[in-house]
Amino acid sequence: MATFVKICGICSRGDLEQICALEPDAIGFVFWPRAKRYVRPEQVAGWLRSIPEQIRKVGVFVEPPPAEVEAVAIACRLDIVQIHLISNDWKIDRSLFQGLETWLSPRMGEGVSRNILSAVNPEPSVLLADSFDPNTIGGTGKLSSWERALAMKNEIGKPVMLAGGLNPENVRDAVAAVQPWGVDVSSGVEKEPGVKDIRKVKQFIERVRK
């Protein structure tokens, strides 16, 4: 099965249009106001005509209130909600937004147990293995622990999306080492935070698929 490719942290209509022309499997928008790549939902909603139907739209949130997820998902016509966890006691029930797929990104600092799946009801369909930083969420450029990602995949038995420090130069090695369901890149294909290097995006997608 081909490795799923997500390009995340898109911050402009121009980047979005060029990236969609390269046909990744998914594109991601960060809706956490503290992130360097934060975009307002109303911005993304205005770009919708640039997004082909076959490319899945992912909204990235950090422990959001359910009503916020519902409102953004409707406005931006999201297909997937990607939720990053900070604490161990946060929970969400998806009854407000049935029909959306949910991906969960647990904190990887101390490893991950199957208990983390209870944070989302129903259970998340994909787990994101990102690099651990005690001060922020995602987009750090720091390489994630491939060993922990592999352990999470084998022990929990859910599809794993590998993220954290990936770029065109190391993604083949990462896929070979972890054999993830998918790969997720943001800072590794940028000129600067929030500005994509389309040449690197093209290289990344080609190297995963070839």
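Predicted model: local features only at pLDDT ≥ 70, side-chain atom pairs only at ≥ 80, totals over all residues.
Take the contacts in the chain between residues at least 6 apart in sequence: 57% of them join residues at least 24 apart.

The chain has six helices and twelve strands. Its radius of gyration is 16 Å, close to the 17 Å that the globule rule gives for 210 residues, so the chain is as compact as a globular protein of that length. Along the principal axes, the C-alpha atoms fill a box of roughly 40 × 40 × 35 Å.

Next, the inside and the surface. Of the 210 residues in the chain, 54% are buried. The chain exposes about 9700 Å². Carbon and sulfur atoms supply 47% of that area.

Charge comes next. The chain carries 27 positive side chains and 26 negative ones. The centres of these two sets lie 3 Å apart.

Find it in the loop between strand E2 (26-30) and helix H2 (41-46). Is Arg-37 buried or exposed? Its relative accessibility is 7%. The cut-off for buried is under 20%, so Arg-37 counts as buried. What does its side chain touch? The side chain of Arg-37 makes a polar contact with the side chain of Glu-190, at 2.7 Å. Arg counts as positive and Glu as negative, and this contact links one of each.

Technical notes: Residues numbered from 1 in each chain as written. Heavy atoms only, no water. Helix = DSSP H or I, 4+ residues; strand = E, 2+ residues; numbered from the N terminus. Rg over C-alpha atoms; globule rule 2.2 N^0.38 Å. Buried < 20%, exposed > 50% of the residue type's maximum accessible area, 1.4 Å probe, protein only. Contact = heavy atoms within 4.5 Å. Areas by Shrake-Rupley, 256 points an atom, 1.4 Å probe, with all protein chains shown as cover. Charge placed at Lys NZ, Arg CZ, Asp CG, Glu CD. Polar contact = N/O pair within 3.5 Å; in protein donor to acceptor, adjacent residues only side chain to side chain.
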